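The exercises below are meant to be worked with the sequence and the coordinates open side by side. Each one sets a task and then follows it through step by step.

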Amino acid sequence: MYIKIKIINNINGDYMNNKEYKEFIKKYIPKPKIIENAIVSFIGGGIMGLSSELLLEAYQTWLHLPRKESGVLVILTLIVIASILTALGVFDILVTKFKSALIIPITGFSHSITSAAIEYRKEGLVLGIGANIFKLAGTVILYGTVAVYLFGLVRLLIGG
Amino acid sequence: MIYINAFLFCGFICLISQLILDNTKLTPGHITSLFVVIGASLDLFGIYDKFVLYCGAGAIIPITSFGHLLVHGAMDTANDIGPLGLSFGIFNLTSAGISVALVMGFLMSVLFKPKH
């Protein structure tokens with residue numbers, strides 16, 4: 001009996017331990033192209049900022065709005081565009097190309113709301129869309145609100 | 001000049017977030033929450049207002065501006081009517097963005113079916 005077990009152990013005996021396995025598969029895991037991703041997201045984000053500044057000035061001249069209101073209109077425009085592109089399935093393709101250049105601007109916020117709503121549509125209007133629409137965007141609002149109370153109370157106490 | 005500033009500021013924020021995303025295990029959810037808190041803290045002494053002044057929409061578009069607007073609206077109301085204004089004015093400036101995003105999300109989910 002003992003000999004039998006030993007033979008089986010010998011047959012399967014050359015299995016790798018955990019460390020060797022990790023080193024072995026290291027060659028086959030694709031490395032993230034850190035520098036390329038950084039350059040792409042820098043240029044993409046820059047183009048987003050530049051084009052939204054152009055849009056803001058266009059709103060100022062066409063609609064004769066003050067600068068603050070046209071800023072809000074620019075945000076709303078981006079939200080609407082991102083929401084429609086998400087529904088058409090284009091936004092996910094764009095995100096794989098331009099990385100965080102589309103996640104960090106307000107388009108990412110709109111994308112997270114719309115994609116959660118579309119994904120949970122089949123579970124019903126209330127328990128699907130209603131319960132899950134803030135699934136991803138809720139974290140932004142939650143930590144923003146907590147931060148407001150934190151910094152706001154500190155500033156009211158100090159008077160800053 | 002404001003165009004170059006807008007390009008550089010928005011690009012720089014996206015660059016930082018992409019570096020965090022590639023080099024750590026944080027997800028986009030973590031990074032957007034982090035940036036909102038950073039934006040809220042930058043409203044102190046009107047630092048972010050200066051960014052908006054010099055970089056224009058380049059500083060309005062990133063998610064840091066969301067935190068800045070939350071604090072800004074709350075502090076404006078709090079300076080007018082006292083500490084209770086912190087709760088009254090918190091969504092004063094961001095309610096347009098949140099409500100439009102919600103309505104668009106609802107409309108899109110009713111009109112379109114999931115792609116995959």
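A residue is buried if 20 or more other C-beta atoms lie within 10 Å of its own, exposed if 12 or fewer, and partly exposed in between. The model to which this cut-off is applied here is a predicted one.

**Exercise 1. Describe helix α6 of chain A and decide whether it is enclosed or open to the outside.**

Step 1. Helix α6 of chain A covers residues 106-119, and its 14 residues reach 20 Å from the first C-alpha to the last, close to the 20 Å expected at 1.5 Å a residue.

Step 2. Applying the cut-off to each residue, one finds that 13 of the 14 residues of α6(A) are buried, so the helix is largely enclosed by the rest of the structure.

Step 3. For the setting, chain A has 8 helices and 0 strands, and buried residues make up 34% of its 160 residues.

**Exercise 2. Classify A:L125 and B:A101 as buried or exposed.**

Step 1. A:L125 belongs to helix α7 of chain A, which runs over residues 125-132, and it counts as exposed because it has 11 C-beta neighbours inside 10 Å.

Step 2. A:L125 can also be placed relative to A:S83, from which it is separated by 42 residues in sequence and by 18 Å in space, C-alpha to C-alpha.

Step 3. B:A101 is found in helix α7 of chain B, and because 25 C-beta neighbours lie inside 10 Å, B:A101 counts as buried.

**Exercise 3. Work out how α3 and α4 of chain A pack against each other.**

Step 1. The axes of α3(A) and of helix α4 of chain A, residues 67-88, come within 9 Å and cross at roughly 125 degrees. That angle makes α3(A) oblique to α4(A), and the crossing is right-handed.

Step 2. On the α3(A) side the residues that meet the partner helix are A:S52, A:L55, A:L56, A:Y59 and A:Q60, while α4(A) supplies A:R67, A:S70, A:G71, A:L73, A:V74, A:T77 and A:L78.

Step 3. Sorted by class, the residues of this contact of α3(A) with α4(A) divide into 6 nonpolar, 5 polar and 1 charged.

**Exercise 4. Characterise the side of chain B that touches chain A, and say which element gives the largest share.**

Step 1. The contact takes 58 residues from chain B and 61 residues from chain A.

Step 2. On the side of chain B, the elements that give two or more residues are α1 (2-23), α2 (28-42), α4 (57-60), α5 (64-81) and α7 (95-111), and the largest share, 17 residues, comes from α1(B).

Step 3. By class, this side of chain B has 42 nonpolar, 14 polar and 2 charged residues.

Step 4. As for the chain that carries this surface, chain B has 7 helices and 0 strands, its C-alpha trace spans about 50 × 35 × 30 Å along the principal axes, and buried residues make up 51% of its 116 residues.

Methods: Residues are numbered from 1 along each chain as its sequence is written. Chains are lettered from A and ligands numbered from 1 in the order in which they are written. This is a predicted model: local features need pLDDT of at least 70, side-chain atom pairs count only at pLDDT 80 or more; totals for chains, interfaces and linings use all residues. Two residues are in contact if their C-beta atoms, placed from the backbone, lie within 7 Å. Helices (H or I, at least four residues) and strands (E, at least two) are DSSP runs, numbered from the N terminus. Ala, Val, Leu, Ile, Met, Phe, Trp, Tyr, Cys and Pro count as nonpolar, Asp, Glu, Lys and Arg as charged, and the others, Gly among them, as polar. The expected span of a helix is 1.5 Å times one less than its number of residues. Axes are lines fitted to C-alpha atoms, for helices over the stretch in contact, and angles run from 0 to 180 degrees between N-to-C directions. Angles under 35 degrees count as roughly parallel, over 145 as roughly antiparallel, 65 to 115 as roughly perpendicular and the rest as oblique. A crossing is left-handed if the near helix is turned anticlockwise from the far one by less than a right angle, and right-handed if clockwise.
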